Amino acid sequence: MPGLSSSTLLARTALPESLNVRASGWESCVREAVAALFEQSFARPASVIVRAPGRINLIGDHTDYNDGFVLPMALNRAVWMAASGRTDRAVRVISSELGEGRFELDGLSRQGTFVDYLSGVAWAMDPVGLPGLDIAITSDLPAGAGLSSSAAIEIATLLAFSELGERGWDPVGSAKTARRAENEWVGVASGIMDQLIVAIARAGHATLIDCRSLRVKALPIPGGVEVVVLDSGTRRNLTDSGYNERRLACDRAAAVLGVEKLRDAGLGMLDDARLNPVDLRRARHVVTENDRVLAFASALELNDLVAAGSLMNLSHESLRADFSVSTAALDALVDSARSQPGCFGARLTGAGMGGCAVALVRSEAMPAFVECVRTAYRTATGLEAQLYPSEATNGAEVVSRSALS
């Protein structure tokens, strides 16, 4: 579609954020948009188009890097990447949301921009033998909202390199590689939850993940309930948000307790330990959150949404009081959601310190829930929230191999 920009194409079909209704042709539209952006930018068609979803974590935040349990699902919002190989060792990138960049596979260096998420993947994969690439990116996944846009970019990059470099695709191995890129190249000491769920998610299901063994269990989302993303409109940057400080506190607590990770600790151990007050609170959150994740998984299997919602509420209070990663805006948003009929429970999701919350809401209550929460939140904070029910989708996948087939 020459002459039509990616942003224009998406704008023509954009739907009200408050309802996040997806037209039947929405994914085709986004795919066409990223293909058009690639062709306009590089004057040739893309060889491959891949999609990597964002994620929402229903329960279990800050437990993954403690070798604990998490229960996320992939979202029907994603990063879309179109790519083709080059004859040299350069990687050129253009994003309709983030701008442009370039790096060389020989002599990789950090730039302090979004490009580091792509160059970090190349570094973690071992760039020897990787092809140079031209890459176009577009997304309907908000950055900095706690929905794993960075992990989606990492996994999409891995999938594109794997396809065009003929390396094969190993979802679990790719998640480990992407985590290494984020930990050691970008500098965020994250666990593996985000990258793993982006790579392996199953449509219609949330996934219980044991972050030590990497064993997973797919759990169907019950009928009659909506998983609702509540975007506070506030943003954070994990490299300067105190995320790494929280991880260091957990590591200190584990060392004092004499365990490998807080996954191995129990509440009784905390009562007897000589932890400083801050590290004690951080450890208490992790220990109790692991228990809540397992109880939540059981509640989903039993279709006990009341119990599941109660555990989400307790999780938020623990993240607020013990882990200190909530904000006034997130608290107001969660309170606004909980006060509405049909809401089983709500909590902040992701790292916190800005971004999003998640709620479980009875399906028939949705229209009133959306409008009432937006009004209550605006009254409490002066900010505008975006709410959208979210379907659980598959993990990263190749959606087009037009020039390879």
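This is a predicted model: local features need pLDDT of at least 70, side-chain atom pairs count only at pLDDT 80 or more; totals for chains, interfaces and linings use all residues.
**Helix H2.** I started with the length of H2, residues 26-42. At 1.5 Å a residue, its 17 residues should span 24 Å, and I found the end C-alpha atoms 24 Å apart, which agrees. I then looked up burial along H2 and noted several buried residues, among them Trp 26, Cys 29, Val 30 and Leu 37. Just past the helix, I saw that Ala 43 has a positive phi of about 60°.

**Aromatic pairs.** How many aromatic pairs does the structure hold? I got three. One of them joins Phe 38 and Phe 42, a tilted pair with 4.8 Å between centres and 55° between planes. These two sit four residues apart in H2, so about one helical turn separates them. Phe 38 is buried at 0% relative accessibility, and Phe 42 is buried too, at 12%.

Next I turned to Tyr 65 and Tyr 243: their ring centres are 5.6 Å apart and the planes meet at 65°, so I logged the pair as edge-to-face, the cut-off being over 60 degrees.

**Charges over rings.** I found Arg 180 over the face of Trp 123, 4.3 Å from the ring centre. The charged end of Arg 282 sits over the Phe 323 ring, 5.9 Å from its centre.

**Thr 288.** Leaving out residues up to four places away in sequence, Thr 288 touches Leu 267 and Ser 318.

Notes
Residues are numbered from 1 along each chain as its sequence is written. Side-chain values use heavy atoms; hydrogens and water are left out. Contact means heavy atoms within 4.5 Å. The expected span of a helix is 1.5 Å times one less than its number of residues. Buried means under 20% relative accessible area, exposed over 50%, partly exposed in between (1.4 Å probe, protein chains only). Rings of Phe, Tyr and Trp (its six-membered ring) pair if their centres lie within 6.5 Å; planes under 30 degrees apart count as stacked, over 60 as edge-to-face and the rest as tilted. A charge sits over a ring if NZ of Lys or CZ of Arg is within 6 Å of the ring centre and within 35 degrees of the ring normal.
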